[in-house]
Amino acid sequence: MTGRVVVVGYGMAGARLVAELHARGGDRRITVLGAEPHRAYNRIMLATLLAGKVDEADVELVEAVGPGVDVRTGTPVVAIDRAAREVRTGDGGTHGYDHLVLATGSRAVVPPLPGLDPLPDRVVPFRTLADCRRILAAARGARRALVLGGGLLGLEAARGLATRGLDVTVVHPLGHLMDRQLDPVAGTVLAGTLAGLGVRVRLGVPATGVTVDACGVRLRLADGEPLAADLLVLCCGVRPDTALAAAAGLTVDRGVVVDDRMRTSDPRISAIGDCAQHDGTLTGLVAPAWAQARVVADVLTGADPLVRYRPRPVVTRLKAAGIDLAAMGDVTGAGDVTGTPVAVEELTFADPARGTYARLRIRDERLTGAILLGDNPAVGAVVQLFDRGAPVPADRRSLLLGRAFGVAPPEPAVTPALMPDAATVCRCNDVTKGALVACWRTGARTVAALSAATRAGTGCGGCRDAVAGIAGWLAGVDPPTDPQDRNGTSPVGTDRGGAERGGAERGAGADRAMAEVTR
């Protein structure tokens, strides 16, 4: 069991690792060195903060640290001395380690455009809490905003600013939005949905330069037409922060190269989260980062020395006001890794007027890719089938169209009672329905208690309705015996807006759980 553990980085990955080490007990000293001046926060919630739906206190991560943990914020690490097994911080301090974990995350990419070096006022990348504060400050009194980049983060930022009443235009250099996850038809339908929500889109035109003066920001485009605004938000991707690892002589490719136990080329140094490259792949998502944290905690504490990290299929969700999108797997129609064409089924449905699009790709009776845009009751069933590699139903229409078009999906069922215990409710934390039921039966009788016990709903937040629905169902079939639970605290708890939900809403919550599970 490792004695001195130093964690470099106090973001979502670093904070989760500390909590996982604490949960496993043992006598060790943990030092956490974070470059940002504040406590760890939920980066996924920054777009919700930008939209004004939550406050800063709501995005702060509440992870158990316990005794023996020294958390130092505003303390960047500037060098690693592998021979001496110590790190040096920007204030001149040194910290020795028996094992070092790099959780340095990634940095926003600033495109090499004229006018962006140095970064002027009114031009802000969207990556950190500090960035969010700058965007909000610039948005006060602003009327128009430009967002450069039409990926997932760019669209979340655009929707958040539009919610605040700004006139927003998204500029994307490629031919359709979210080109890494969507096909051109889905991108076109999504652009139409955004237009209905007050967000305009300029596609297929690269930016060539930026000018900022007292009148505002002008973004020059390759077609010669400039766009003017009061604020420009950069959402041009991220790049793993590998400088520290590279300077220390660790093997670095696009990220810090790690093995199945998350060890770098130095067995006394691990890397997790955005900065880590496992099996040639970067993640950039919270669920893999937290799974990697569990692996490192098991290895360092000896809880499971043979544990190995095995990535799960990725599901991308964009769930903002007026937008509901799930994309997963391969929808490109390419062949297998050898380049050999393969026999696949392709099913599509499009209704651009209603903002609806569905595409399924099936091979050997299994889903290999899917896009679901708009209100489709089958989304939970599709994600479950993709996640578990289960056979698809004979009637493909039930997955493609869903109940909204007169075809009932095979899953989710009409009640959580029929949901299998193995069904994943929270993908970020890998929490199943069975785990929630078990926690309920051991005394976690509210949504807040279930979340505290399992962490369900503490990641992207997309499963909160599902957790509330399951809690409502459990309250009906296994009601609390404590009078205070029955009369004082609603089993479905209190949402972020402070509105208590219970009673008549439990049935609706249970139905939502079936539609929302694994979202």
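Begin by selecting Leu17, Ile80, Leu100, Leu102 and Ile272, which touch the most other members of the largest nonpolar core, a set of 71 residues. A nonpolar core here is a set of buried Ala, Val, Leu, Ile, Met, Phe, Trp, Tyr and Cys residues joined through side-chain atoms within 4.5 Å; buried means under 20% relative accessible area, exposed over 50%, and partly exposed in between (1.4 Å probe, protein chains only). Helix α8 (residues 286-301) supplies the largest share of this core, nine residues. Helices (H or I, at least four residues) and strands (E, at least two) are DSSP runs, numbered from the N terminus.

The model is predicted: local features need pLDDT of at least 70, side-chain atom pairs count only at pLDDT 80 or more, and totals for chains, interfaces and linings use all residues. Residues are numbered from 1 along each chain as its sequence is written, and side-chain values use heavy atoms, with hydrogens and water left out.

Next, centre the view on Ile272. Leaving aside residues up to four places away in sequence, Ile272 touches Ala13, Leu17, Val101, Leu102, Ala103, Met262, Gln292, Ala293 and Val296, where contact means heavy atoms within 4.5 Å. A second, separate core of 46 residues can then be located through Val59, Cys132, Val147 and Leu231, which are among its members.

Now select strand β2 (residues 29-33). Four of its five residues are buried, so β2 is largely enclosed by the rest of the structure. Strand β1 (residues 4-8) runs parallel to β2, joined by five bridges; two strands pair if DSSP finds at least two bridges between them. Val8 has Leu33 of β2 as its bridge partner. Strand β3 (residues 69-72) also pairs with β2 in the parallel sense, over four bridges, and Ile30 stands opposite Val69 of β3.

Move on to the open sheet of three strands, in the order β13-β14-β15, with antiparallel pairing. β13 (207-213) and β15 (227-229) are the edge strands, each pairing on one side only. Six bridges join β13 to β14 (residues 216-221), and Gly209 stands opposite Arg220 in β14.

Finish at helix α11 (residues 433-441). Which of its residues are buried? They are Lys433, Leu436, Val437, Cys439 and Trp440. These residues cover an arc of only 165° around the axis, which puts them on the same side of α11; the arc is that of the directions from the helix axis to the C-beta atoms. They pack against β26 (424-426), β27 (431-432), α12 (447-454) and α13 (464-477). After α11 comes Gly443, with a positive phi near 120°.
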